[in-house]
Amino acid sequence: MRAVGIEEFGEPEVLKVVDRPLPVPGPEQVRIRVTAAAVNPTDLLLRSGALAAAMAGQQPPYVPGMDASGVVDAVGDGVDLAVGEPVMAFVNPFHAGGGAQAEYIVVPREHVVAAPRGLDLRDVAGLPMNGLTANLALALLDLPEGATLAVTGAAGALGGYVVQLAKHRGFRVVVDAAAGDRDLVRGLGADLVVPRVADTAELAGAYRAAVPEGADAIVDAAVIGADALGVVKDGGRFAKCRPYELASERGITIHAVQVPGHPAKRAALEELAALAEKGVLTLRTADVLAPERAFEAHRRLEAGGVRGRLILAF
């Protein structure tokens with residue numbers, strides 16, 4: 001089978017389409033014939049070598065990708081899915097089987113759910129990873145209905161899901177956005193839109209002008225880091241969506257959002273699929289590319305400003 005492979009770490013051009021053995025599902029596993037797989041920031045870190053320690057003991061080519069859509073191709077013992085059923089899945093690329101960007105993948109049954117009906121499977125590929133990240137961030141923050149939640153990067157793929165899911169759960173949502181993104185984030189459900197500031201050191205002041213008391217919590221989808229702490233009130237909560245060091249201040253609780261450790265992936269994925277089917281969550285695809293153009297997707301994601309998901313279609 002064909003897969004996007006990383007034979008050596010480096011710039012986006014190291015990505016190549018490689019041949020890999022067809023994987024065989026074991027007990028409680030599902031093989032999926034992949035329709036599409038999304039490109040994530042974690043893929044960029046894997047390709048660059050920043051996550052080389054996570055690949056220790058494995059042999060290249062490494063296959064990136066953390067979410068996919070497709071149809072069930074084969075199942076192991078104990079699996080209740082039918083061959084031919086459209087599905088979406090979370091994929092962990094940090095194991096010998098590799099990630100989602102391949103013609104066929106094998107994943108645990110608990111990482112696979114029926115795809116939302118009536119939606120293009122290429123669009124569906126953009127839901128699992130970012131949807132799970134948004135779901136886990138809000139679960140960790142554990143806010144009461146009516147709480148004020150700040151979201152950085154609300155116009156991006158992850159931030160957009162956070163805004164929509166937060167509104168669905170009854171939160172007041174305040175975001176920052178550039179002038180060209182204000183209509184977009186309002187359409188996603190943001191209650192207050194703060195003007196984007198170029199200097200992140202001024203971010204807290206911009207939010208506090210709109211919410212003087214401070215937000216109850218923040219989801220830092222834009223990976224602002226310490227400069228975003230000032231957005232949150234004393235004793236509030238902070239969800240960081242990438243692994244970076246962040247010291248607390250003013251009694252703020254810091255939560256690290258790490259989807260591979262999500263305790264209930266299947267239940268969360270089923271909820272996300274149902275919400276997408278109802279239109280509560282909007283599947284935004286920025287572009288669909290062939291696997292041979294994976295390097296282009298990495299270049300565009302690194303450059304920033306992508307609105308929606310970049311999808312590789314097999």
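Student: Which helix gives the most to the lining of the largest pocket?

Tutor: Helix 1 does, with four residues. This is a predicted model, in which local features need pLDDT of at least 70, side-chain atom pairs count only at pLDDT 80 or more, and totals for chains, interfaces and linings use all residues. Residues are numbered from 1 along each chain, and side-chain values use heavy atoms, without hydrogens and water.

Student: What makes a space a pocket?

Tutor: On a 1 Å grid over the protein atoms alone, a pocket is an open set of points where a 1.4 Å probe fits, with protein on both sides within 12 Å along at least five of seven lines; lining residues have an atom within 4 Å of a point. The largest pocket holds about 1,200 Å³ of space. Among its 45 lining residues, Pro-41, Leu-158, Ala-221, Val-223 and Arg-242 are the closest to the centre.

Student: Why is the pair of Phe-9 and Tyr-62 called stacked?

Tutor: Rings pair if their centres lie within 6.5 Å, and planes under 30 degrees apart count as stacked. The centres of these two rings are 5.6 Å apart and the planes stand at 15°, so the pair of Phe-9 and Tyr-62 is stacked.

Student: What makes Tyr-62 buried?

Tutor: The relative accessible area of Tyr-62 is 11%, so Tyr-62 counts as buried.

Technical notes
Grid points are joined across faces, edges and corners, and a volume is the space filled by probe spheres set on the points. Helices (H or I, at least four residues) and strands (E, at least two) are DSSP runs, numbered from the N terminus. Rings of Phe, Tyr and Trp (its six-membered ring) pair if their centres lie within 6.5 Å; planes under 30 degrees apart count as stacked, over 60 as edge-to-face and the rest as tilted. Buried means under 20% relative accessible area, exposed over 50%, partly exposed in between (1.4 Å probe, protein chains only).
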